[in-house]
Amino acid sequence: MAGTRKTAVAVVLAAVALTATACNDSGGDGKNAAPAAPTTAAAAPTTAAPSSATSSAASTPTKVNPASFLEQVTQKTGAAKSAKIDEVIAIGQITMKGKGAVSWADGLQGDITMDLSDSPLGKVLAPVTGGTTAPYRYTKDSMYMRLGGDAVQALGGRHWLHYSKADMAKASGGSTDQLKSADPVQGVRTLIATGKVTEVGQETVNGKPATHYTGELSANDIAGATGTGLTQEQLDQVKENLTTAGITSETIDVWVDADKLVVKRTEQADTKVGAMKATVTYSDYGTPVTTTAPDPSDTVELSELAALDKGATG
């Protein structure tokens with residue numbers, strides 16, 4: 001029994017470091033995801049109607065600056081408060097596919113199941129989760145990973161491993177934004193922060209028209225970013241994530257539908273561990289999300305896990 005417990009605990013500890021880094025959607029990244037249809041079939045508007053003082057049959061609509069339009073997108077998307085997500089995160093040799101629903105009304109909350117069958121990480125996690133999928137539960141300030149297989153028996157029948165913000169920061173080299181990885185508003189604000197937003201044009205996302213915007217972000221761009229809707233603390237965190245991951249620049253793309261809702265977002269960069277690309281699609285805005293934290297009696301803290309590992313080793 002001691003040997004089984006030692007093996008299970010060691011694998012869980014290894015999985016903590018790997019998954020906390022890989023789930024970061026902006027540096028290892030976030031965080032923060034099969035495609036679903038966008039909310040509308042019409043293309044996103046890029047013009048504004050002329051004022052009554054200048055309106056006439058011959059007048060030409062004034063084109064909206066891409067950054068200004070995306071600010072409207074953050075307001076509309078933020079007000080929607082929740083959505084279903086579908087994501088694919090590839091970092092070096094690790095590929096994870098996630099599916100679930102999240103709310104960003106009061107911090108990021110929701111349930112996402114990661115499919116690790118196409119990644120070496122799946123083999124690491126199998127003794128911990130009982131398979132190649134890893135269910136995650138997000139609450140306002142924590143993340144929980146569902147345990148299975150040998151790990152449950154080794155940990156006294158408990159089923160959830162608790163990650164606090166401090167736990168995730170330690171495991172991922174200082175980053176604490178895994179909890180924001182699936183938030184479409186955060187992604188758009190980061191794009192605005194590049195200061196170099198470009199409208200690519202009309203494209204099709206999941207069979208529906210959408211407008212594509214792109215921008216390239218560097219640490220220097222973050223250092224000089226102002227008026228982007230991100231606080232200085234958030235800007236500092238993004239810059240730190242880039243530096244920690246060895247990223248000198250990151251390309252961010254978003255696709256927006258006619259309702260000014262984000263239907264797709266990608267982030268791409270070269271990192272210390274290889275090329276990174278994270279793709280998240282959003283659908284069913286306003287979907288109910290009722291995630292709650294697992295009962296404390298059914299959770300395991302990382303500190304306790306480390307103690308069990310030490311005891312099994314001794």
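Mentor: Let us begin with contact, which means heavy atoms within 4.5 Å. This is a predicted model, in which local features need pLDDT of at least 70 and side-chain atom pairs count only at pLDDT 80 or more, whereas totals for chains, interfaces and linings use all residues. Residues are numbered from 1 along each chain as its sequence is written, and side-chain values use heavy atoms, with hydrogens and water left out.

Trainee: With which residues is Leu-70 in contact, leaving aside its neighbours within four places in sequence?

Mentor: Val-188, Leu-191, Ile-192, Val-197, Tyr-213, Val-254 and Val-256 are in contact with Leu-70 once those sequence neighbours are set aside. Leu-70 also belongs to the largest nonpolar core, which has 55 residues. A nonpolar core is a set of buried Ala, Val, Leu, Ile, Met, Phe, Trp, Tyr and Cys residues joined through side-chain atoms within 4.5 Å.

Trainee: Which residues touch the most other members of that core?

Mentor: They are Leu-70, Tyr-136, Met-145, Leu-161 and Tyr-213.

Trainee: Why is Ile-112 called buried?

Mentor: A residue is buried under 20% relative accessible area, exposed over 50%, and partly exposed in between, with a 1.4 Å probe and protein chains only. Ile-112 has a relative accessible area of 2% and therefore counts as buried. Among the residues it touches beyond four places in sequence are Ile-85, Val-102, Tyr-136 and Ala-182. Tyr-136 is 24 residues away along the chain, and its C-alpha atom is separated from that of Ile-112 by 5.3 Å.

Trainee: In which strand does Ile-112 lie?

Mentor: Ile-112 lies in S5, residues 109–115. Strands (E, at least two residues) and helices (H or I, at least four) are DSSP runs, numbered from the N terminus. By that rule the protein has nine helices and 14 strands.

Trainee: What makes S5 and S6 paired strands?

Mentor: Two strands pair if DSSP finds at least two bridges between them. S5 and S6 (residues 133–138) are joined by six bridges, in the antiparallel sense, and Gly-110 stands opposite Tyr-138.

Trainee: Why is one side of S9 and of S14 left without a neighbour in the sheet?

Mentor: The open sheet has 12 strands with mixed pairing, in the order S9-S10-S11-S12-S13-S3-S4-S5-S6-S7-S8-S14. S9 (198–205) and S14 (299–301) stand at its edges, each with a single partner strand, so one side of each has no neighbour.

Trainee: How do you know that S12 and S13 pair, and in which sense?

Mentor: Eight bridges join them, and they run antiparallel; a hairpin of two residues links the strands.

Trainee: What makes S13 mostly covered?

Mentor: Seven of the 10 residues of S13 (274–283) are buried.

Trainee: Why does Thr-266 count as buried?

Mentor: Thr-266 has 3% relative accessibility, so it counts as buried. Leu-155 is likewise at 3% and counts as buried, although it lies in the loop between helix H4 (150–154) and strand S8 (160–164).

Trainee: Why are the buried residues of H3 placed on the same side?

Mentor: In H3 (residues 120–129), Leu-121, Gly-122, Leu-125, Val-128 and Thr-129 are buried. They cover an arc of only 110° around the axis, the arc being that of the directions from the helix axis to the C-beta atoms, and therefore share one side of H3.

Trainee: Why is Lys-81 called partly exposed?

Mentor: The relative accessible area of Lys-81 is 47%, so Lys-81 is partly exposed. Lys-81 lies in the loop between H2 and S3 and has a positive phi of about 75° although it is not a glycine. Most residues other than glycine have a negative phi.

Trainee: What is phi of Lys-260 near?

Mentor: Phi of Lys-260 is near 65°, a positive value in a residue other than glycine. Lys-260 is in the loop between S11 and S12, and with a relative accessible area of 25% it is therefore partly exposed.
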